[in-house]
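Please look at the sequence and the model first, then read the points below.

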Amino acid sequence: MIACLRLLSALCLAALLAACASSPSSSLGELPRTPDASIEQLLEQATASKSPDKTALLRLSAADLAYRQGNAGKSAQILQLVPLEQLKPGQQVFASTLAAELAMTRNQPKAALTALSHPSLQRLGELPVEQQVRTGTVHARALEADGQTLAAARERIFIAPLLSGDAASKNHESIWALIASLPTEQLQPASTDDLGGWLSLALAVKSAGTLEQQQAAIDNWRAQNPKHPAAIQLPLPLTKLKELASQPLNKIALLLPQDGPLASVAKALREGFMAAHYQAQQAGQKPPSIQFYDSSRLTSLDDFYRKAQADGVQLVIGPLEKPLVKQLSARPQLPITTLALNYSEGEQGPAQLFQFGLAAEDEAREVSRRARADGLHRAAAMVPKGEWGDRVLKAFRQDWEANGGTVIGIERIDQPVALAQQIADLFQLRQSEGRAKSLQSTVGTQIAAQPARRQDIEFIFLAGTPQQAQQIKPTLNFQYAGDVPVYATSHVYSASGDQNQYNDMNGIRFCETPWLLDANDPLRKQVTAQWPQAGSSLGRLYAMGVDAYRLAPRLGQLKALPDSRIEGQSGSLAMTPSQRIQRQLPWAQFVSGQVQRLPDTPR
């Protein structure tokens, strides 16, 4: 009986090993397969095995099974028991790939790339196709997460011929998403291989302005590259572009208040919008007709949409009032595609709703991006007390910390008389003075000591009015912190041309709309000749009106090509997944009473 049990046990072990091993052993070593056993059974057999090779193979199999079952923690624990350097090359590739996959579950792309740099990966091409695909896929994911977009695309192009069915389609779309997200300067094809073809396609699409021009660019590219994978199967977003191009925009509703507290804002938006419309007419284009509706007299949004539909409207621009935008965002769907000129509180609205505005949060994120591009890491923040200041600080802090920066001090500004004390607190000047007094009392003689500020603050993020900035910069100088750079939102710039005011803000860097930084723009010249106030801080609203007009026919394009941008008058415009238009802005600096534009940095 005991002999029978031993025989049965031996047969089970043989079957188990056969289930979790690939074809007969070679110089590369056997690779684990999906076993017919549980993790616990595999580990028990590994412990009982007298062969180090079989023990390692069973544990690799158990670790892989735990990962496939979604238990990354257990998988990592088991993998640590496998001596990587004692494995054969194929098994080393398998273990390194699994280690990379586990690193990605922890959102650690650099650790994944380190795992995939093992020398055994040089023999990946000798392994079965399934392993090549698995390793290539995690490599592409890690490169993408690490910001190496072009390298990630190259990896996906490499594994594309090994794939079929749904996996091939998903990889195909991923290649396009990666290539389309590259900045134009990286889309210069250096070869005629598949990668060169993808790059030239993206360059052709991005270089074209209107939907019709993009359509022609795609058709020309396909004619020149008939055997390229993207010509054989056009990526989904480009298929959508073809559909959009066949649906011209003929009539727009402009829904703005003519009375009430927002009437003057609406007037500037309307004048900017119509200026862009007339410019399009002068350029020989056939722009859509514009129908005006007064949102200050609205009694029901449903009634408005019914009337707009009856009038043949294809797109609504507006409303401006936040309560109305909030109502629209709460609806499951809208009868007409709508570009609201404000933002709701929630993230995602109905599919037909797009949102655009001069959000201070965009500028806070822009400060984060610029300071990061300038090589800075440690920030202090000065924002106004209250809800607006809290929102701007939150946007800056989220973006800054998500990209590895730290915020090491915050002051909320309110009363001008408190500024000196707040800046002294921020830079810990009082502590320095206290140390000097303590030393003086200890030695019993007068000591000439200049207060020393903390040195770990690399720059100050400032969101404030011109009047606040006028007080803050001289106070920083007085408090021995005049050499600390100040990066500000556009709110510090009055666009008044007051040289005395600018002198008080000398050295402050700030982001601003292209409209206010480029007085030679032809459309701005035309508009300011008719409405001089468009050259003042009110000009930001004129710029927004211009951009609302230019966005109108391109909303579908931005949605279909999420990484494309429109260079507008209120900023460089892109669309978020929640269909909000986000702005990136150019930069300027106050220098000797003048506004001096700064060179752009890579985005």
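Ser494 lies in the loop between β9 (486-488) and α22 (499-503). Helices (H or I, at least four residues) and strands (E, at least two) are DSSP runs, numbered from the N terminus. This is a predicted model, in which local features need pLDDT of at least 70 and side-chain atom pairs count only at pLDDT 80 or more, while totals for chains, interfaces and linings use all residues. Residues are numbered from 1 along each chain as its sequence is written, and side-chain values use heavy atoms, with hydrogens and water left out.

- Ser494 and Thr465 are 29 residues apart in sequence, and their C-alpha atoms are 8.3 Å apart in space.
- Apart from its neighbours within four places in sequence, Ser494 is in contact (heavy atoms within 4.5 Å) with Pro466, Gln501, Tyr502 and Ser537.
- Phe510 belongs to strand β10 (residues 509-511).
- Phe510 has 0% relative accessibility and therefore counts as buried. Buried means under 20% relative accessible area, exposed means over 50%, and partly exposed is in between (1.4 Å probe, protein chains only).
- A distance of 8.0 Å separates the C-alpha atoms of Phe510 and Val367, which are 143 residues apart along the chain.
- With neighbours within four places in sequence left aside, the residues in contact with Phe510 include Ala488, Thr489, Val492 and Tyr493. Pro586, Trp587, Ala588, Gln589, Phe590 and Val595 are also among them.

**The chain as a whole**

- The chain has 26 helices and 15 strands.
- Of its 603 residues, 48% count as buried.
- Among contacts between residues at least 6 apart in sequence, 62% join residues at least 24 apart.
- The accessible surface of the chain is about 28700 Å², and 52% of this belongs to carbon and sulfur atoms. Accessible areas come from the Shrake-Rupley method with a 1.4 Å probe; for residues, only the protein chains shown count as cover.

**Helix α2 with helix α3**

- Two packed helices are described by the angle between their axes and the distance between the axes. Axes are lines fitted to C-alpha atoms, for helices over the stretch in contact, and angles run from 0 to 180 degrees between N-to-C directions.
- The axes of α2 (residues 39-48) and α3 (residues 52-68) cross at roughly 165 degrees and come within 8 Å.
- α2 and α3 are therefore roughly antiparallel to each other. Angles under 35 degrees count as roughly parallel, over 145 as roughly antiparallel, 65 to 115 as roughly perpendicular and the rest as oblique.
- The crossing of α2 and α3 is left-handed. A crossing is left-handed if the near helix is turned anticlockwise from the far one by less than a right angle, and right-handed if clockwise.
- On the α2 side, the contact is made by Ile39, Leu42, Leu43, Gln45, Ala46 and Thr47; on the α3 side, by Thr55, Leu58, Arg59, Ser61, Ala62, Leu65 and Ala66.
- The residues of this contact of α2 with α3 divide into 8 nonpolar, 4 polar and 1 charged. Ala, Val, Leu, Ile, Met, Phe, Trp, Tyr, Cys and Pro count as nonpolar, Asp, Glu, Lys and Arg as charged, and the others, Gly among them, as polar.

- The axes of α7 (residues 129-145) and α8 come within 8 Å and cross at roughly 165 degrees, which makes α7 roughly antiparallel to α8.
- α7 passes α8 in a left-handed crossing.
- The residues of the contact of α7 with α8 comprise 6 nonpolar, 5 polar and 4 charged.
- α8 (residues 149-159) and α10 (residues 194-207) pack at an angle of about 125 degrees, with their axes 10 Å apart, which makes α8 oblique to α10.
- α8 passes α10 in a right-handed crossing.
- Leu150, Arg154 and Ile157 in α8 meet Asp194, Leu195, Trp198 and Leu199 in α10. By class, this contact of α8 with α10 has 5 nonpolar, no polar and 2 charged residues.

**Backbone details**

- Most residues other than glycine have a negative phi, and most peptide bonds are trans.
- Gly318 and Pro319 are joined by a cis peptide bond, with omega about 0 degrees. Pro319 is in the loop between β3 (315-317) and α16 (322-329).
- Asn107 is not a glycine, yet has a positive phi of about 60 degrees. Asn107 is in the loop between α5 (89-105) and α6 (109-115), and at 61% relative accessibility counts as exposed.
- Ser592, also not a glycine, has a positive phi of about 50 degrees. Ser592 is in the loop between β14 (587-591) and β15 (594-597).
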